[in-house]
Amino acid sequence: MIIDSFKEIVDESSNIVIFTGAGISTESGIPDFRSPTGIWSKNQPIEFQDFLSSEEMRVEFWKRKFAIDVTISQAKPNSGHMVIAKLSKSGSISNVITQNIDNLHQDSGIPSNKVIELHGNTTYAKCLDCNFRVELETIKKNFEDTKKPPLCSKCGGIIKTATISFGQSMPEDEMRRAQEATLSCDLFIVIGSSLKVYPAANFPILAKKNKSKLVILNREKTDLDTYADLVIHDEIGSFLLNSFR
Ligand code: NAD
Ligand code: ZN
């Protein structure tokens, strides 16, 4: 049984990195990008350059942000997140590297310093010039009143959610920490990612080249399935719960 093979690989590993994508959060009600009901079935992403150069695009960005927030702000960790949190408490998981921006790993009880957010976090915003942190509530109220995109109260810079858009440079510290974790693990488990977004998808490749085992758990095929020691095409929450209840 595939579940036994999975448990065996996990049990015999002592330094595990979990790498998650949007697929782990669909069971919490947050749509992923590439599934038929995903976000891209409705809207193409706004590239960073367009966000910077056009006020109209920034207005569109914040409109979309507050629309999706009705879902994101109410989302709770699901059984997939909870099983990972439980394994993390048992000590064999060194880090959770996530492409997600929804804060659900932290909400599931994993300490923030173990979660490496490659694409940032959408539950707060920052000034792109001076890094000043701004809470969404304040931005939302002003945006509804003025219909103008927010500017920094300290330096006048452009405010954006603390996420990484397409075309925006990757966060250096997180990239370094993710690389260190990947190079020291003996098992790298991908959960709920199509592995189509780079440079994030380089980490499973790096792990494998560095002699770590690679497991991929995803409903459908990914581009890196042929590299993996074990591929599980299943629903994330139920599979993880059945494996480690
Ligand atoms: P993706 O949409 O490209 O891939 C998600 C994969 O998960 C798909 O292959 C899909 O088949 C699979 N999947 C969805 N629900 C599943 C389930 N319940 N069980 C098993 N498999 C399931 O997402 P990605 O690879 O993370 O890349 C897209 C980018 O989207 C990331 O950079 C991320 O920043 C961003 N994103 C984040 C969120 C979030 O924070 N929750 C949501 C949407 C997009
Ligand atoms: Zn500023």
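Me: I'm new to this one, so let me start with the metal: what is the geometry of the zinc ion (ligand 2) site?
Reply: In this predicted model, the site of the zinc ion (ligand 2) is tetrahedral, with angles of 100 to 116° among its four donor atoms.

Me: Ok, and which residues coordinate the zinc ion (ligand 2)?
Reply: The zinc ion (ligand 2) is held by the SG atoms of Cys 127, Cys 130, Cys 152 and Cys 155, at 2.3 to 2.4 Å, and along the sequence these donor residues follow the spacing C-x2-C-x21-C-x2-C. Within this group, Cys 130 and Cys 152 link distant parts of the chain, being 22 residues apart: Cys 130 sits in the loop between β4 (120-127) and β5 (133-134), while Cys 152 sits in the loop between α6 (136-146) and β6 (159-163).

Me: Is Cys 152 buried or exposed? And what about Cys 130?
Reply: Cys 152 is buried, with a relative accessible area of 6%, whereas Cys 130 is partly exposed, at 36%.

Me: You mentioned β4, β5 and β6. In what order do they stand in the sheet?
Reply: They form an open sheet of three strands in the order β5-β4-β6, and the pairing is antiparallel. Because β5 and β6 stand at the edges and each has a single partner strand, one side of each is left without a neighbour in the sheet.

Me: How many bridges join β4 to β6, and which residues stand opposite each other there?
Reply: Five bridges join β4 to β6, and these two strands run antiparallel. Among the facing residues, Asn 121 stands opposite Ala 162 in β6, and Ala 125 stands opposite Thr 161 in β6. As background, strands of a sheet pair through backbone hydrogen bonds, either parallel or antiparallel.

Me: How many residues of β6 are buried?
Reply: Five of the five residues in β6 are buried, which leaves that strand mostly covered.

Me: What's phi like at Asn 103?
Reply: Phi of Asn 103 is near 70°, which is a positive value in a residue other than glycine. For context, most residues other than glycine have a negative phi, and most peptide bonds are trans.

Me: Which other residue has a positive phi although it is not a glycine?
Reply: One of them is Leu 195, with a phi of about 55°. Leu 195 is found in the loop between β7 and α8 and is buried, with a relative accessible area of 1%.

Me: What about cis peptide bonds, where is there one?
Reply: The peptide bond from Tyr 198 to Pro 199 is cis, with omega near 10°, and Pro 199 lies in the loop between β7 and α8 (202-209).

Me: Changing topic to ligand 1: which residues come nearest to it?
Reply: Of the 28 residues around ligand 1, those that come nearest are Ala 22, Arg 34, Gln 99, His 119 and Ser 194.

Me: And which polar atoms lie by the nitrogen and oxygen atoms of ligand 1?
Reply: A nitrogen atom of ligand 1 is 3.4 Å from a polar backbone atom of Gly 23, and a nitrogen atom of the ligand is 3.1 Å from a polar backbone atom of Ile 236.

Me: How much of ligand 1 does the protein bury?
Reply: Taken alone, ligand 1 exposes 870 Å², and the protein buries 97% of that.

Me: Last one: where is Asp 32, and how far is it from Ser 108?
Reply: Asp 32 is in the loop between β1 (16-20) and α2 (48-53), where it is buried, with a relative accessible area of 12%. Asp 32 and Ser 108 are 76 residues apart in sequence, and their C-alpha atoms are 19 Å apart in space.

Terms used: Residues are numbered from 1 along each chain as its sequence is written. Chains are lettered from A and ligands numbered from 1 in the order in which they are written. This is a predicted model: local features need pLDDT of at least 70, side-chain atom pairs count only at pLDDT 80 or more; totals for chains, interfaces and linings use all residues. Side-chain values use heavy atoms; hydrogens and water are left out. Donors are N, O and S atoms within 2.8 Å of the metal (3.2 Å for Na, K and Ca); water is not among the atoms, so sites may look incomplete. Four donors count as tetrahedral if all angles lie between 85 and 135 degrees; four count as square planar and six as octahedral if opposite donors are over 155 degrees apart and all others between 65 and 115; anything else is irregular. Helices (H or I, at least four residues) and strands (E, at least two) are DSSP runs, numbered from the N terminus. Buried means under 20% relative accessible area, exposed over 50%, partly exposed in between (1.4 Å probe, protein chains only). Two strands pair if DSSP finds at least two bridges between them. A residue is near a molecule or strand if one of its heavy atoms lies within 4 Å of it. A polar contact is a pair of N or O atoms within 3.5 Å; within protein, one must be able to donate a hydrogen and the other to accept it, and residues adjacent in sequence count only if both atoms are side-chain atoms. Accessible areas come from the Shrake-Rupley method with a 1.4 Å probe; for residues, only the protein chains shown count as cover.
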